[in-house]
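I opened the model to look up its metal sites, its chain contacts and its nonpolar cores. My entries follow in the order in which I made them.

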Amino acid sequence: MIRKSFWGLVGLVMASTASAEWALNMPKGVTDLSAETYDLHMMVFWWCVAIGVVVFGVMIISLFKHRKSQGAEPATFSHSTTAEVIWTAIPVVILLLMSVPAAETMIKLEDTRDPDLSIVITAYQWKWHYKYQDEGVEFYSSLARQSVDARRRQSGVDVNGVENYLLDVDNALVVPKGAKVRLLMTSNDVIHSWWVPELAIKKDAIPGIVNETWFKANEVGTYRGQCAELCGKDHGYMPIVVEVVEPEAFKAWVNTRKDGGANLASAQ
Amino acid sequence: MTATTVDTNAADHDDHDHGPTKGIGRWLFSTNHKDIGTMYLIFSLLMFFIGGSMAMVIRSELAVPGLQFVHPEFFNSMTTMHALIMVFGAVMPAFVGLANWMIPLMIGAPDMALPRMNNWSFWILPIAFGILLSTLLMPGGAPAGGWTMYPPLVLQTGDAFPFLIFSVHLMGLSSIMGAINVIVTIINMRAPDMTLLKMPMFVWTWLITAYLLIAVMPVLAGAVTMLLTDQFFGTSFFLAAGGGDPVMFQHIFWFFGHPEVYIMILPAFGVVSEIIPTFARKKLFGHDSMVYAASCIAFLSFIVWAHHMFTVGMPLTGQLFFMFATMLIAVPTGVKIFNWIATMWRGSMTFETPMLFSLAFVFLFTIGGFSGLMLAIQPADVQYHDTYFVVAHFHYVLVPGSVFAIMAGAYYWLPKWTGHMYNEKIGKLHFWTSTIFVNLTFFPMHFLGLAGMPRRIPDYSTQFTDFNTIASVGAIGFGLSQLIFVWVLLTAKKGETATDRVWEGSHGLEWTVPSPAPWHTFTTPPKARIANESFE
Amino acid sequence: MTTHSDEHYYVPHGSHWPAVGSLGLLFLMVGVSSWLNGAGAGFYIMLTGVAIIIFMITGWFAAVIGESESGLYNTQVDASFRQGMFWFIFSEVMFFAAFFGALFYARNMSIPWLGGESNNFFTNLLLWEGYESTWPTNGPGNIGGEYETMPPFGLPLINTALLLTSSITVTIAHHALIAGKRTQLSIFLAATFLLGFVFVYLQGVEYIHAYQDLNLTLSTGIYGSTFYMLTGFHGMHVTIGAIMLTIIFFRVLKGHFTTDKHFAFEAVAWYWHFVDVVWIGLYVFVYWM
Ligand code: HEA
Ligand code: HEA
Ligand code: CUA
Ligand SMILES: [Cu+2]
């Protein structure tokens, strides 16, 4: 029974790699590192499946063969140094195999040197503030109107009819494709966390501290995320939207923002 | 006081002629390990129900997108209180209850070493949780900053704030005294032949747990004290402007918090290690290496805490260290799993309720352990962190982990406590409904997390609907299944009379005394050897 | 390891002291909390709690002392008490460890980071420009205003000497007890708790000096926080220790304790040594280095 539901669900995960809409698995994302992270995730997952097959397999065989109702007589062994050394050593080896690529990816994740673009992100209860360091553009970004109207209790709005319910903002963060974007993250009040799964970035925004992280998106598109650290009553209502655009479009956007064009970003 | 001395003189010749006193005094003033154990167990069941009801509020709100029942702030209170109550009120006291009942019986001691302190450890708990629950009615509401109490958010708590801090202090006080009692009992009160390496696994894992408790509960007390002074006395521990750091709290908290999760699982390992050999009718495989593995886990648990903080911006070397150290824990834990399977291997198994719960424990805890290992991979944890994947992980290790082990232990020892067999059919029903529903509840949470649903949110984007609905249905099913357990308990004394041995394959001193175990057990130090040879 | 005897292990039959203690804790915690929240009555509830707890402690200890003196405790009970005390002290050590941990973390991590070290270049540049990490510090926000630190070689050094001496005197007292020299025992015991109280007094003087003349307060950034929390909790423990020593002293005068059975004495002595060791850590890391 347990076995069935487990393998059934594992099957579901596998199916998910094929069909993208029915999100069951971590997104592969649109940066090199998000792909690496995804690979790491799958690698560890398959190791666990493999170990699971062996461990649960042996256990299930035992559960069926060595039952009293089958007339099994209990053996008397209760110790075997060889066996114990083996099942200590094998996991150690497996862990070593996992840890090398994990460490490699981690080192790349932390390498924020030489960015093409730097953005200071300041978190507020409950919105984000983005400031492009060299472009002289800055603005707040908070939950889009439609969701705000729908989210209240007895709002009378069917949330299923709201497009991107809770995942849309008034002003999206716009970045150019192919540029190394460095994010400098801090907070004005409590701890928040800036997370966009597609970019494989999650970094805490901590009051009094500036954290660094970076990404380089390879594909144009709109990527959505949410605040990922409990930050009070509206923690569930501070989404993030990143629009990755072609470099020329980005330049144009910066210019409109400089001219004071208010909401062009979302018009794009 | 006078009462005590008078009693004393009367008991001078022989303590053991006295039965329990009548009325409420028996419980309020108890110094009897069995009575105190019973109180702990009942208290923890009560807390499990209260904490579980809060989980039902959470799951009802999350059943479909949109806000239906509660306001976001109250939702956060539910999450926070649910966790605090389950961790400190349900799981930990349940294990202390089992320890109280069983350790003296298993090692041949007349009682716990410090009986009066034992009573105090217990009676602090209702005070602590009374205070904590009363915050639900306070201006500003109950604490809503998560059970991890991270500043600065937790400092926004209303009037409940100092009550939260002091109730945590009280829980700590109770645990520390309980742990001291366990250690002293085990080290000082064993029967003559009960050498350390002959001790049953449950006793061993509890000994190690008790050391963990004494080492980390005071640290938690320190951490929350700093919160209190930051709030009321102007200190700047967690204020960067003053030279402190909000993240410092996380380090101190998780220095406590990570060992804490092993505090909730090591005794579970112990219970399962008692039950599997009984129903496999075979000696526990590799007893000594089980002891070493448990010690290893305990040691490692002190140096992995920052795996809860992979996104706070630690220096690279720190992250590497904590990743590697965390991964290592899989090795000793694996040893435990393999040893249980080796115990079953070529045994002669039967599947009574305690065994069923133990087997489900081995399966489902392992799944929870696997997801733990995935979380330990720092780059991947950047994606998993603070999502439902983490929620899935820790409920797998805590619910079909710790809670199932407690259930298993309860069924296993119930006949020894009451003198009657519980209703096996109903027990099995409880097991099967629990197991099905627990998976229905928590397995979909893995997918939710991977698909991007953050934890601690009262409402979510519509693409997460399906799995949330499944989880909520599962949760209600699981909750209702626990009513079956209550039914088992209420009818526990109606079953046929239990023998002293109770189970065909049982082993150990606790099975040599009558069922129900008399109010005072060992008048003369028993010969542990008798018990230890029962398999040879 | 274990002690065995055919005499049975003493298990008291019910005791109301723990329940009284819990009630005291209820009043205490509820009182302090409401007081902190600004409810005036909280203060009195708190005092009631304190009173109940003092009542409980006296009653409980009186019961234990009575039992002990009437010979109900065999060596195994004695061992339980000893081990219990040992692990209790260990838990206290871990409590202090949390605060020492905070001190080390601030000194070696958060302050250098605020000053721009490690991966925190931008922390310094964007938020705390111009802040240079030093110790002692009240942080980049200059929390609590200008202040002076407590110099290590004045009162604190005297206090160190006092505590170290008191650790010696309590050891002499212990040896005297074992040797059956009761007068020497009481003299050195008295010296010990007197030294303890003088320590507490001087610490009070020091605090007043710090608050009035140095503007060093609890809200002087992380320096003030760690300074007062560590020395404050330590001072509280010295006070408790000195009170316990005083009680032991009066028990000695009443003729309690024999040359081979004197657990309470030893427990208090251990506690005293623990307080002493913590002080040495404090002196080195809080005052000196
Ligand atoms: C009983 C409680 C319990 C237990 C036992 C564990 C066990 C483990 N946990 Fe878990 N954990 C929690 C309770 C627990 N955890 C809780 C409550 C949280 C969240 C707190 C919060 O934020 O609110 C959490 C969070 C948590 C995180 C942080 C996630 C995040 O917030 O981003 C991490 C990261 O490393 C982690 C890792 C692990 C690991 C590696 C183990 C290991 O001990 C697991 C080891 C077991 C196995 C691996 C399976 C068996 C082994 C084999 C069959 C051998 C062979 C296997 C291999 C070689 C792979 N846990
Ligand atoms: C030992 C610890 C423990 C246990 C046993 C449980 C048990 C359960 N937990 Fe909990 N949980 C935590 C520890 C635990 N949890 C922790 C540490 C957190 C993190 C908190 C934080 O983020 O700060 C958490 C958070 C948490 C969340 C995430 C909340 C959020 O992020 O917003 C959810 C959501 O589904 C959840 C669900 C459940 C459910 C359905 C159960 C069920 O197993 C409960 C089943 C029990 C009952 C239901 C009670 C018994 C039955 C009755 C009272 C009869 C009546 C029943 C009905 C009306 C149906 N828990
Ligand atoms: Cu901002 Cu959560
Ligand atoms: Cu952990």
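**Metal sites**

I began with the iron atom of ligand 2, which is coordinated by His82(B) through NE2 and by His395(B) through NE2, at 2.0 Å. Donors here are N, O and S atoms within 2.8 Å of the metal (3.2 Å for Na, K and Ca), and water is not among the atoms, so sites may look incomplete. I noted that this is a predicted model, in which local features need pLDDT of at least 70 and side-chain atom pairs count only at pLDDT 80 or more, while totals for chains, interfaces and linings use all residues. Side-chain values use heavy atoms, without hydrogens and water; residues are numbered from 1 along each chain as its sequence is written, and chains are lettered from A and ligands numbered from 1 in the order in which they are written.

Why is the arrangement around the iron atom of ligand 2 octahedral? The six donor atoms subtend angles of 89 to 179°, which makes it so. For six donors the term requires opposite donors over 155 degrees apart and all others between 65 and 115. Ideal angles for six octahedral donors are 90 or 180 degrees.

Helices are DSSP runs (H or I, at least four residues), numbered from the N terminus. His82(B) is buried at 14% relative accessible area, and His395(B) is buried at 14%. Buried means under 20% relative accessible area, exposed over 50%, and partly exposed in between (1.4 Å probe, protein chains only).

His393(B) is found in helix 15 of chain B. The copper ion (ligand 4) is 4.5 Å from the iron atom of ligand 1. Its protein donors are His258(B) (ND1), His307(B) (NE2) and His308(B) (NE2), 1.8 to 2.1 Å away, with the sequence spacing H-x48-H-H. I found His307(B) buried at 13%, whereas His308(B) is partly exposed at 21%.

**Chain contacts**

For chains A and B I noted 92 residues of chain A in contact with 101 residues of chain B, contact meaning heavy atoms within 4.5 Å. The two chains bury about 8300 Å² between them, 71% of it on carbon and sulfur atoms. Buried area is the accessible area (1.4 Å probe) that two parts lose on being put together, summed over both.

I looked up Ser99(A), which lies in helix 3 (residues 81-109) of chain A and is buried at 7%. Beyond its neighbours within four places in sequence, Ser99(A) is in contact with Met323(B), Phe324(B) and Met327(B).

Chain B and chain C bury about 6300 Å² between them. Across this interface there is one salt bridge, a side-chain nitrogen of Lys or Arg within 4 Å of a carboxyl oxygen of Asp or Glu. Glu67(C) forms a salt bridge with Arg116(B), with the closest N and O atoms 2.8 Å apart.

**Nonpolar core**

Last, I looked at the largest nonpolar core, of 334 residues, where Phe88(B), Met149(B) and Trp206(B) are among those touching the most other members. Such a core is a set of buried Ala, Val, Leu, Ile, Met, Phe, Trp, Tyr and Cys residues joined through side-chain atoms within 4.5 Å. Helix 4 (residues 72-107) of chain B gives the most to this core, 23 residues.

Conventions
Helices (H or I, at least four residues) and strands (E, at least two) are DSSP runs, numbered from the N terminus. Four donors count as tetrahedral if all angles lie between 85 and 135 degrees; four count as square planar and six as octahedral if opposite donors are over 155 degrees apart and all others between 65 and 115; anything else is irregular.
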